[in-house]
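I opened the model to look up salt bridges and surface patches. My notes follow.

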Amino acid sequence: MVSSAQDLAQGVRLSVTRLARRLRKEADTGISPSMLSALSTIDRAPAPLTIGELAAAEGVRPPSATAVVGRLLEAGLVTRDADPEDGRVYRLGLTRDGARLLERSRSRKTAYLAKKLGGLSEEEREALAEAVPLLDRLLEQGP
């Protein structure tokens, strides 16, 4: 029997929240979740971001993004360079340490999930494999 959309939404929300919390714990990066999220956004961007672009991508106000970037700069995880076309604008990039931290975080999370998935039956893993594109579609639909 298929659950109602409301019941399914509640179950998915709870499971995704718990999984995200557990993955953050497994990442063990030594930085805050907001710093890790910003670092990941900077890494995924097709071109170096401004603080305003980072704020928009993260869904936060520019002063909040500025504070996070300040902490990332202090930690030596990002660079802030003047835009070659407009010296009043600064662009953000990852340092080598920032890239290593992200890679370590992602590897630890993937290893944790792989270990947990290894304890499931082949049928259970197949069911999860079928659910991944559906979850991606939900995210693509926007807010």
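I call a residue buried under 20% relative accessible area, exposed over 50%, and partly exposed in between (1.4 Å probe, protein chains only). This is a predicted model, where local features need pLDDT of at least 70, side-chain atom pairs count only at pLDDT 80 or more, and totals for chains, interfaces and linings use all residues. Residues are numbered from 1 along each chain as its sequence is written, and side-chain values use heavy atoms, without hydrogens and water.

Entry 1, salt bridges. I took a salt bridge as a side-chain nitrogen of Lys or Arg within 4 Å of a carboxyl oxygen of Asp or Glu. I searched the whole structure and found seven.

I looked up D43 and found it bridged to R106, with 2.9 Å between the closest N and O atoms. D43 lies in helix 2 (residues 33–44) and R106 in helix 5 (residues 96–118), so the pair links distant parts of the chain, 63 residues apart. Helices here are DSSP runs (H or I, at least four residues), numbered from the N terminus. R106 is partly exposed at 31%, and D43 is partly exposed at 33%.

Within helix 5, D97 and R100 are three residues apart, about one helical turn. Their side chains meet in a salt bridge at 2.5 Å, N to O.

I also noted a salt-bridge network that links E53, D83 and R91.

R88 bridges to D86 at 3.0 Å between the closest N and O atoms. R88 is exposed at 72%, whereas D86 is partly exposed at 24%.

Conventions:
Helices (H or I, at least four residues) and strands (E, at least two) are DSSP runs, numbered from the N terminus.
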